[in-house]
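Reader: Please take me through the fold and the charged pairs of this protein, with the cut-offs stated as we go.

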Amino acid sequence: MLHLSFAKLKAADAMMNTQQKLEILADAAKYDASCASSGAKRKATPGGLGNSDGEGICHSYTPDGRCVSLLKILLTNFCTYDCVFCVNRVSSDIQRARFTPEEVVNLTLDFYKRNYIEGLFLSSGIIQSPDYTMEQLIQVARTLRQVHKFGGYIHLKTIPGCDERLIAQAGLYADRLSANIELPTQSDLVQLAPEKKSSVIETTMNQIHVRKQESDEDRKKSPNRKPASFAAAGQSTQMVVGATSTSDRQILSTATHLYGEYKLKRIYYTGFSPYPEADSRLPLKATPLIREHRLYQSDWLMRFYGFDATELTTDENPSLSLTEDPKTTWARTHPEFFPVDVNAAPREAILRVPGIGYRNVERILSIRRYHQLVLDDLRKLNVRVKQALPYLITPDHIPTGAAPKEEPATTQMDLFAPVSALTGSI
Ligand code: SF4
């Protein structure tokens, strides 16, 4: 194993041109999944450059489905930490490189002018100290914004444990900030990332959250003065899954905690991939991509469909099914909840029908005010009718075995009561 000193890094660095560094540092950044940009609105100023307005700016997808930005780079892949699961850890025998902040600024502007990118996703290994590294990242964003009036999207990785004043500065220049939670639990960190602590990472997340809240409130109070916004597109995080035996149940519980406490916009789940000569504490096999996918589906159900993390797995079976999506698993194991009458059930109940997405639920609610929906109407909405049939009722469909039930003597909406009880329609 090779342990690079900072002096050696500088010497190696001086021998490389920008193109060579770009190859190394763009490749090193591909393991960071938290790059999708959305929700930022930053107009170019007169004489400025770039315009980040609306959703979906600056993202692309690798062949294996991971989201990557076209200029998604590390400032350096040198790192003084030794997180076992990370290819950039200090004990990893890889080629190292380091950009200066000016080089990143020039590359961003150059790529932007050529229409290759609409923004920058910038992360870094930890060099010297969290404060020093964060200062370097901020310098890139500040120069782009203040000197070059760059209006494109900027996502900065924050370095957990850096000074709070640096977080305050970073949020003034970046559209999105993120602090990686890295692994689902503190005991996972002890095992595989001994220099990291969830409490330190969460302190940084909280600093971002509090600053953002204050900034949003200030802007609401003074719409005319328009105080500078802080990380307008919010904060996100990333966790590696499958590097330890931590269950999906625990992962979803951690996700619930992070969304609830710090109002994260997104959590990115990255399945662990083994690498040559990996530490013996790591699994030999890659985490199946389908597990990553099931976690994203569950995350979506928790954020947009009203599911609680505890509903998606059980203590006895803490893993998500790899062969069935979590919404269907829940529906199949809760026959008492179904069938749902799409013409009468409340929004929360229709959201639980497999095959009906949340946008279609809104459409159904709006259409049914004027007429009763039949199966053909659902097909026209692109509802996955075949998947939904066992769980719903329409005037032209009652699932086999679904018998009309008596209306109970309550008018109270109870989400977990049978939908027939909610609607009294069958
Ligand atoms: S701190 Fe980040 S870059 Fe450094 S080894 Fe850990 S995960 Fe990798």
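Reader: How many helices and strands does the protein have?
Author: This is a predicted model, in which local features need pLDDT of at least 70, side-chain atom pairs count only at pLDDT 80 or more, and totals for chains, interfaces and linings use all residues. Residues are numbered from 1 along each chain as its sequence is written, and side-chain values use heavy atoms, with hydrogens and water left out. Helices (H or I, at least four residues) and strands (E, at least two) are DSSP runs, numbered from the N terminus. On that basis the secondary structure comes to 16 helices and 12 strands.

Reader: What share of the residues counts as buried?
Author: Buried means under 20% relative accessible area, exposed over 50%, and partly exposed in between, with a 1.4 Å probe and protein chains only. Of the 426 residues of the protein, the buried share is 53%.

Reader: How many salt bridges does a search of the whole structure find?
Author: A salt bridge is a side-chain nitrogen of Lys or Arg within 4 Å of a carboxyl oxygen of Asp or Glu. Searching the whole structure with this criterion gives a total of 14.

Reader: Which residue forms a salt bridge with Asp315?
Author: The closest N and O atoms of this pair are 3.0 Å apart. The pair links distant parts of the chain, 66 residues apart, with Asp315 in the loop between helix H10 (309-312) and helix H11 (326-332) and its partner in helix H8 (residues 248-262). Asp315 is exposed, at a relative accessible area of 61%, and its partner is Arg249.
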